[in-house]
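Q: I am new to this structure. Can you walk me through how to read its features?

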Amino acid sequence: MSPPLSVALERAIDERQRRLVPTQDLLHNDVPFPTADLFSNDYLSLCTDPKLRQAFLDKISQMPLVFGSGGSRVLCGNAHVHVLFEERMKMFFRAPSALLFNSGFDANVAFWQAVPQAGDAIIFDELVHASTRDGLLGSRARSALYSFSHNSIPSLRDTILRVLDAHPEIARGSATLFIAVESLYSMDGDFAPLPELVQLVDELIPPGCGHIAVDEAHSTGIYGTQGRGLVSALGLENRVDTVLHTFGKARALTGAVLLCSPVVRKYIINYGRPFIFSTSLSYATVAAMDASCDYIESEAGNELISSLHRLSASFEQKLKVALASTPPHILSPFPRNTPSGFPEGITSPIFPIITSAPMPLAEFLRSLGYDTRPIPYPAVPRGQERIRVVVHAKNTEAELDDLITRLLEWAFMMAEKERKEKSHLHPRELAASPSYASYASSIRAVGLSKL
């Protein structure tokens, strides 16, 4: 007889699989896929960059210590390299202070668990990252959590007014209203309306009683001068109170830095449990972060950022044209708008492609050598099932064109399958169904090779 815990856990896993939710065991290593990387968060293609690799090796070859520090930073793990790197981040981002973390997840949990106080309230975008949500649930303000509709300024306005009415101490200036958003959302690939958000906080919340926290995990390194992020690109450094930058995406490493006031920094050091009880980053990791920053801040890094934006804009235009003739339930680009106050022509490298059959599409692309993962319901709302394409700085136009061609090939096959299933329809209804000609015209419209 199986122990009751094993039975319960197996039942939960079986139910997950029954609902067709991707279920991992991680027993098999992913082998390198033969086609271009168009799905990871390696936005600047630095994970495999030989120059960055050599710069890192040169750095650690000159260091007396390269392994772990042997303890938490509040014990014996606060080394000179950690302090120097924080000072570099403070100066680079023009921030009041900076605090280094082992990961963005740790930073979000530490901040949201520790900083909001009893009597405060927290408003968060309904799509904020799981790390923020985990931190909120452990916060002293966890009884005063309010979500607003994703990227909706009207919803945020209504929520702020509702919170001020429910928490008069904030309106009187004796408590704080926190607002948590991400600058670029990884699943939808859209931008938070930061200029309007800041303006709304200034308009509705008493001075000093609003605290805006922006997670820049997916925008650091690819926006702003030398990759300083969207808050910097929008000129909002002095209007946003706390900013999180991570090193696991565009910067090709691990770790994170929280930009905040000196008092918030000191408070987290003494009250932030993920910070207090984690062994500090190894000297080699900090050296790698230094090397990555050197590279992105150089002319070579600027060229990578420019390439990423050029390719993203090109792919977006071609994808819209190519999918214009496909039935939306088979393939459609995720609709999104650039918020007011953003630089003209700004692009996102993240492209959700909506499909009613994410798992068959992912299997089809994987059979062609693409490292594609389906994102079905309930990971996303029903009707928004998708795959997620991510453009990288070292992709080529030919690689992007080939992916679009493969997407259209699959869409044609799905449409033909539906035509056969509808063969009982009246000939006039059948003639209205998508045809090969419509997909061929899509291919010609974007200048791709024929199927």
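Q: Which residue forms a salt bridge with Glu15?
A: A salt bridge is a side-chain nitrogen of Lys or Arg within 4 Å of a carboxyl oxygen of Asp or Glu. Here Glu15 pairs with Arg18, and the closest N and O atoms are 2.7 Å apart. Both residues lie in helix α1 (residues 4-18), three residues apart, about one turn of the helix. Helices (H or I, at least four residues) and strands (E, at least two) are DSSP runs, numbered from the N terminus.

Q: What kind of model is this, and how are residues numbered?
A: This is a predicted model: local features need pLDDT of at least 70, side-chain atom pairs count only at pLDDT 80 or more, and totals for chains, interfaces and linings use all residues. Residues are numbered from 1 along each chain as its sequence is written, and side-chain values use heavy atoms, with hydrogens and water left out.

Q: How many salt bridges does the whole structure have?
A: A search finds 21 salt bridges.

Q: Into which domains is the protein chain divided?
A: Domain bounds come from an automatic or database domain assignment. Domain 1 covers 50-296 and domain 2 covers 301-446. Their C-alpha centres lie 33 Å apart. Each domain gives 23 residues to the contact, where contact means heavy atoms within 4.5 Å.

Q: How is the size of such an interface given?
A: It is often given as the accessible area lost when the parts come together. Buried area uses a 1.4 Å probe and is summed over both parts. Domain 1 and domain 2 bury about 1,700 Å² between them, 67% of it on carbon and sulfur atoms. One salt bridge is counted between the two domains.

Q: How do helix α4 and helix α10 cross?
A: Axes are lines fitted to C-alpha atoms, for helices over the stretch in contact, and angles run from 0 to 180 degrees between N-to-C directions. The axes of α4 (residues 104-114) and α10 (residues 262-271) come within 10 Å and cross at roughly 95°. So α4 is roughly perpendicular to α10 (65 to 115 degrees).

Q: Which residues make that contact?
A: Helix α4 brings Ala110, Phe111 and Ala114, while α10 brings Val264, Tyr267, Ile268 and Tyr271.

Methods:
Parallel < 35°, antiparallel > 145°, perpendicular 65-115°, else oblique. Buried area = accessible area lost by both parts, 1.4 Å probe.
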